[in-house]
Amino acid sequence: MSPCRAHLQPSHSLDHPDARRVRSILVASSHCEIGPPDRRRLLGRYIMTQDGGLLLPALSVAGPWMAQVLRGHPSPPLPLWAADVAHVPQPHRVRGGVRMTGRLALLEQPLGEHLYDDLEIPPGEPVVAYVPLEARLEISDAPGAAPRVCEVPIDAYRATAPDPLAGWESDWLAHLARHDDEPLRRIVTPRHHLAPDDLLRPLRADADGLTFRLYTAGSSRDVHIPFRKPVHCGCEAIGALADLVEASGS
């Protein structure tokens, strides 16, 4: 389970896949980095709010701007970076990333006790909010390829919910990689011919389906296997995979 937690989800979701991917990466990432290159801070604990802001322990982002933030004045615009890394070990496992620009502001109202627990700080310790102003998605479309950069409208980011499998998919993919090679080959083979020596590794799972990396002699490529219909939780994803496996044997 990622240290990042999304406690407050939007009440509605725009149909904006890139915005959903940005939210999903931030929910699932084990950490993010904030600040200019010469003063970058590594953050291992943060909470995503309903509108996509991030709540951070103030002491974890100490910098020359923090004195003014703690006095109630927003920081200057600060960059943020989070990587999207496949949980299953393999070459070129960075699937993409998020680059943001935003400001830090002191959170004046106290948090619930369980939120302080999630941030691993004592109740009452100062908390700051990172308020995004700009968002960019970097997507790796092929193994080893230079990432493609997509500008994401900030209003779409604020209104779009993360993918329902974000955060959960990492353990599931690791389980599939360890135990379910034969069923996975069965669902991929009808769409993409697999030779006996070809290697198949799970790469990504989302509401729409599963993505695998297919390693053939001297090359590799990513293949997507869609579910029959989008899923809304991990239980539905497991059931959707079982349906694909059953259909592949008919």
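These are my notebook entries on what I looked up in the structure above.

**Ground rules.** I am working with a predicted model, in which local features need pLDDT of at least 70, side-chain atom pairs count only at pLDDT 80 or more, and totals for chains, interfaces and linings use all residues. Residues are numbered from 1 along each chain as its sequence is written, and side-chain values use heavy atoms, with hydrogens and water left out.

**Entry 1, the whole protein.** I began with the secondary structure, which comes to 7 helices and 12 strands; helices (H or I, at least four residues) and strands (E, at least two) are DSSP runs, numbered from the N terminus. The C-alpha trace spans about 65 × 35 × 30 Å along its principal axes. For the radius of gyration, taken over C-alpha atoms, the globule rule is 2.2 Å times the number of residues to the power 0.38. With 250 residues, that rule puts a compact globule near 18 Å, and the 20 Å of the protein agrees with this.

I then looked up burial, where buried means under 20% relative accessible area, exposed over 50%, and partly exposed in between (1.4 Å probe, protein chains only). Buried residues make up 45% of the 250 residues in the protein. The accessible surface comes to about 12400 Å², and carbon and sulfur atoms account for 55% of that surface; the areas come from the Shrake-Rupley method with a 1.4 Å probe, and for residues only the protein chains shown count as cover.

Contact here means heavy atoms within 4.5 Å. Of the contacts with a separation of 6 or more, 62% are between residues 24 or more positions apart.

For charge, I found 26 positive and 31 negative side chains, with the centres of the two sets 3 Å apart. Lys and Arg count as positive and Asp and Glu as negative, while His and the chain ends are not counted; the place of a charge is taken as NZ of Lys, CZ of Arg, CG of Asp or CD of Glu.

In H6, which runs over residues 181-188, I noted Leu184, Arg185, Ile187 and Val188 as buried. Seen down the axis of H6, these buried residues fall within an arc of 165°, so they line one face of the helix; the arc is that of the directions from the helix axis to the C-beta atoms. The cover over them includes helices H5 (169-179) and H7 (234-248), together with strands S10 (199-206), S11 (209-216) and S12 (219-226).

From H7 I picked out Ala242, which at 42% relative accessibility counts as partly exposed. Ala242 and Pro183 are 59 residues apart in sequence, yet 9.0 Å apart in space, C-alpha to C-alpha.

Ile121 is buried, with a relative accessible area of 10%, and, leaving aside its neighbours within four places in sequence, Ile121 is in contact with Pro57, Tyr116, Pro126 and Val127.

Glu120 also has its place between H3 and S8, but at 58% relative accessibility Glu120 counts as exposed. Its phi is near 60°, a positive value in a residue other than glycine. Most residues other than glycine have a negative phi. I recorded a positive phi for His92 as well, near 50°, in the loop between strands S6 (78-85) and S7 (94-106).

Cys32 has its place in strand S2 (residues 32-34) and is buried, with a relative accessible area of 1%. Leaving aside neighbours within four places in sequence, Cys32 is in contact with Arg41, Leu42, Leu43, Tyr46, Leu80, Trp81 and Ala82.

Pro76 sits in the loop between helix H2 (66-70) and S6 and is partly exposed, with a relative accessible area of 36%.
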